[in-house]
Amino acid sequence: MKIVMLGAPGAGKGTQAKMIADKYQIPHISTGDIFRANIKDGTELGKEAKSYMDKGQLVPDELTVKILLDRVAKDDCKNGYVLDGFPRTIPQAEVLEEALNNLQDKIDYAVNVEVPDENIVRRMGGRRACLSCGATYHIEHIPPKTEGICDRCEKELVLRDDDKPETVQKRLDVYHEQTQPLIDFYNKRGVLKEVDGTVDMKEVFAAIVNILG
Ligand code: AP5
Ligand code: MG
């Protein structure tokens, strides 16, 4: 099963993608997590990505597409995957579609997690992320068992650099301009599924499981 998660920054794509990956035993692939791991390790890729991410801009398609195609070619992706944060532009979606076409394959579901902009800005300030395993928490809604420590890998949790209010607004603007058109792209291919992302994360997940079966 090949799934694409769509939705604004902070809609809960990562939260849901992790739960999907656990239940269906497929890898969770987040381009944002890959970039953040590279920033943490101080790689060249990380340095380049950071210069865009901190401003709330997208990392250029050429760079992002290559990383993603390399990742989905790995052995663990044979039975499918859940993509979180990719594609984010029409050109990215077209490259992915072409790569899958060449393998007589396609995306099975594009799940759009819908959350209005007002809710997003409130959510971001409370998010805490683990840069080690990619888990996310919320200080009010989804707190870790021990404050500031990741439940999964026991590393320290941080506030992401791009979660400052002014950067969040910029990310929302970029989302509406460049990523929202993907809803129509996948709708035309008959694979779009919409879920309400404003309810409790367990309810969002139940709606997704209902769709995926
Ligand atoms: P990325 O890491 O993908 O960030 P994003 O799309 O902005 O999305 P987020 O990770 O912020 O949100 P999310 O939807 O995963 O929400 P989460 O589950 O954490 O990308 C970061 C940057 O990298 C981009 O800005 C760009 O520069 C670059 N980049 C990445 N991919 C790229 C690409 N393909 N092309 C170009 N550039 C790329 O949830 C948010 C918060 O809400 C958490 O605190 C969570 O605990 C809480 N929460 C979740 N669900 C609920 C709920 N139901 N109720 C209440 N709270 C909830
Ligand atoms: Mg995320």
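Visitor: Which residue stands opposite V82 in β3?

Guide: H28 stands opposite V82. This is a predicted model, in which local features need pLDDT of at least 70, side-chain atom pairs count only at pLDDT 80 or more, and totals for chains, interfaces and linings use all residues. Residues are numbered from 1 along each chain as its sequence is written, chains are lettered from A and ligands numbered from 1 in the order in which they are written, and side-chain values use heavy atoms, with hydrogens and water left out.

Visitor: What makes β2 and β3 a pair?

Guide: Strands are DSSP runs of E with at least two residues, numbered from the N terminus. Two strands pair if DSSP finds at least two bridges between them; β2 (residues 28-30) and β3 have 3 and run parallel, so they pair.

Visitor: How many bridges join β1 to β3?

Guide: Strand β1 (residues 2-6) runs parallel to β3 and is joined to it by 4 bridges. Within this pairing, K2 stands opposite Y81.

Visitor: Which way do the residues of β3 point, and are they buried or exposed?

Guide: Y81 and L83 point one way from β3 (residues 81-84), V82 and D84 the other way. In a regular strand the side chains alternate between the two faces of the sheet. All four residues, Y81, V82, L83 and D84, are buried, that is, under 20% relative accessible area with a 1.4 Å probe, protein chains only.

Methods:
Buried < 20%, exposed > 50% of the residue type's maximum accessible area, 1.4 Å probe, protein only.
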